Amino acid sequence: MSKTGGATRWAIVAMVFFAIMLNYVDRQILALLKPTLEAEFQWSNQDYANMVSAFQFSAAVAFLGTGWFIDRVGLRLGFAIGVAVWSIAGMAHAFATGVLGFVIARVVLGAAESIGTPAAVKSAATYFRQEERSIALGVGNTAPNIGAIVTPLVIPALAIVLGWKAAFLIAGGLGLVWVAVWFAIRVQPVATDGPEPTPIAWSSLLRDRKVLALAIAKVLSDQVWFFMLSWLPDLFHRLFGLPQGTVGLPVALVYVFAAAGALTGGWLPTRLMAMGWSVDRARKVTLLIYALLILPVSLVLVVSSPWSAALLLGLGLFAHQGFSTNLFGFATDVFPARVVGSAIGMAAFCGNMWSIVLIQLAAVSIANGWGYGPLLAICSGSYLLALGFIQMLVPVIVPVDESERGTAFAH
């Protein structure tokens, strides 16, 4: 099935959306089934933290290559390979018999899933013009949240009815279906006439202050996202005594807010630019709004209801996803499509590596009786700090010329 230009380019957004949604279903299953698997395999909190850290480390290292891989191989083949491998790795969890088996499955899953972020951002840079990219990124960036909403509502119930192994097998199998549909779709990119631009060397990117700004911002924001993704069910279980059968409901509500944050994160700067604001002003004011919204997240420790906690945490992840969408928008503002995958890959490597620190700190904090207080305090201040670094390193966002944006979908 071949499609060209115009509204049909949103077929790519839809496919990216479903791929990233399935990505987050695969990665979140372990957190939601933690009580069941903990009882069956006699895990400790440190065992769990090590499994999650193995995933993060693998994904981080892979980000150094997957951005380059997408830039060189192209979206069509590269994205399909990534989705196929992570789906098979997700299914492999069903055959694990102990901590080592889960660690191996998580390592492969993390490495393959790292292709999702550069592929998603590159699709926006390749298929959409400046005035459309923030909306495309916002829609695409709701996918993790939809996955995070669906997973706690479906997976615990599925595990109760069919067993925990079936949960892994079904989720992974859906990814293989996605690959077949992906190969059936063709959409022409928004390209300009003229020869394909010469690729930019990694050495040039490493010296670019814009890459440094993006990397630091990803470090400070990604640590919050991956901490929440890994420990949120446990937080509700510990603070409010919610069992596995009911913990999914407030967790799902949190991610409903996160999905709304991603959508507003794409809509708001687009609206401001339509009103005549510069890209620099629209992008940074939007980032500031979301950085301020997450400040109250630590108040979750003083509320008595899991639903009040869900609202506070939901506001926090609303802010995170709005902020994150605009970080991706910043990347497409300042990097041409031919290198945006590499730039995002470098930044995501840094974000994933540092996230391991907060994931491990959670296990240490719980073990020492400090609880979630220090972790939530870190979350609340991370985004203002990230915006400060962006302003210092990139005082004015100057959008890359539209002529730099042409690349091909099929290689």
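Reader: How many helices and strands does the secondary structure of the protein come to?

Author: In this predicted model, the secondary structure comes to 16 helices and 2 strands. Of the 411 residues of the protein, 59% count as buried, and residues 24 or more positions apart account for 87% of the contacts with a separation of 6 or more.

Reader: What makes Ser-382 a buried residue?

Author: The relative accessibility of Ser-382 is 3%, and buried means under 20%, so Ser-382 counts as buried. Ser-382 lies in helix α16, which covers residues 373-393, and, leaving aside residues up to four places away in sequence, Ser-382 touches Leu-220, Gln-223 and Val-224.

Reader: How do you know how helices α11 and α15 are placed relative to each other?

Author: Two packed helices are described by the angle between their axes and the distance between the axes. For helix α11 (residues 209-240) and helix α15 (residues 337-367), the axes come within 7 Å and cross at roughly 35°, and the crossing of α11 and α15 is right-handed. The residues of this contact divide into 20 nonpolar, 5 polar and 4 charged.

Reader: Why is the pair of Tyr-48 and Trp-231 called edge-to-face?

Author: A search of the whole structure finds 17 aromatic pairs. In the pair of Tyr-48 and Trp-231, the ring centres are 5.4 Å apart and the planes stand at 90°; rings pair if their centres lie within 6.5 Å, and planes over 60 degrees apart count as edge-to-face, so the pair meets both conditions and is edge-to-face.

Reader: What parts does the pair of Tyr-48 and Trp-231 tie together?

Author: Tyr-48 lies in helix α3 (residues 45-73) and Trp-231 in helix α11, so the pair ties together parts that are 183 residues apart in sequence. Tyr-48 has a relative accessible area of 1% and is therefore buried, and Trp-231, with a relative accessible area of 1%, is buried as well.

Reader: Which residues do ring pairs link into a cluster?

Author: The cluster linked by ring pairs consists of Phe-41, Trp-43, Phe-102, Trp-164 and Phe-168.

Reader: Why is Gln-42 called exposed?

Author: Gln-42 has a relative accessible area of 64%, and exposed means over 50%, so Gln-42 is exposed. Gln-42 is placed in the loop between α2 (34-41) and α3, and its phi is near 60°, a positive value in a residue other than glycine. Leaving aside residues up to four places away in sequence, Gln-42 touches Leu-37 and Asp-47. Gln-42 and Gly-98 are 56 residues apart in sequence and 9.1 Å apart in space, C-alpha to C-alpha.

Reader: Why is Cys-350 called partly exposed?

Author: Cys-350 has a relative accessibility of 28%, and partly exposed covers values between the buried limit of 20% and the exposed limit of 50%, so Cys-350 counts as partly exposed. Cys-379, by contrast, has a relative accessible area of 0% and is therefore buried.

Reader: How many disulfides does a search of the whole structure find?

Author: A search of the whole structure finds 0 disulfides, where a disulfide would require a pair of cysteine sulfur atoms within 2.5 Å.

Reader: How do you know that Gly-266 is buried?

Author: The relative accessible area of Gly-266 is 0%, and the buried class takes values under 20%, so Gly-266 is buried. Gly-266 is placed in helix α12 (residues 244-274), and Gly-266 and Ile-135, although 131 residues apart in sequence, are 4.5 Å apart in space, C-alpha to C-alpha.

Reader: What makes Leu-32 count as buried?

Author: At 2% relative accessibility, Leu-32 falls under the limit of 20%, and Leu-32 therefore counts as buried. Leu-32 lies in helix α1 (residues 10-32), and Leu-32 and Trp-231 are 199 residues apart in sequence and 9.4 Å apart in space, C-alpha to C-alpha.

Methods. Residues are numbered from 1 along each chain as its sequence is written. This is a predicted model: local features need pLDDT of at least 70, side-chain atom pairs count only at pLDDT 80 or more; totals for chains, interfaces and linings use all residues. Side-chain values use heavy atoms; hydrogens and water are left out. Helices (H or I, at least four residues) and strands (E, at least two) are DSSP runs, numbered from the N terminus. Buried means under 20% relative accessible area, exposed over 50%, partly exposed in between (1.4 Å probe, protein chains only). Contact means heavy atoms within 4.5 Å. Axes are lines fitted to C-alpha atoms, for helices over the stretch in contact, and angles run from 0 to 180 degrees between N-to-C directions. A crossing is left-handed if the near helix is turned anticlockwise from the far one by less than a right angle, and right-handed if clockwise. Ala, Val, Leu, Ile, Met, Phe, Trp, Tyr, Cys and Pro count as nonpolar, Asp, Glu, Lys and Arg as charged, and the others, Gly among them, as polar. Rings of Phe, Tyr and Trp (its six-membered ring) pair if their centres lie within 6.5 Å; planes under 30 degrees apart count as stacked, over 60 as edge-to-face and the rest as tilted.
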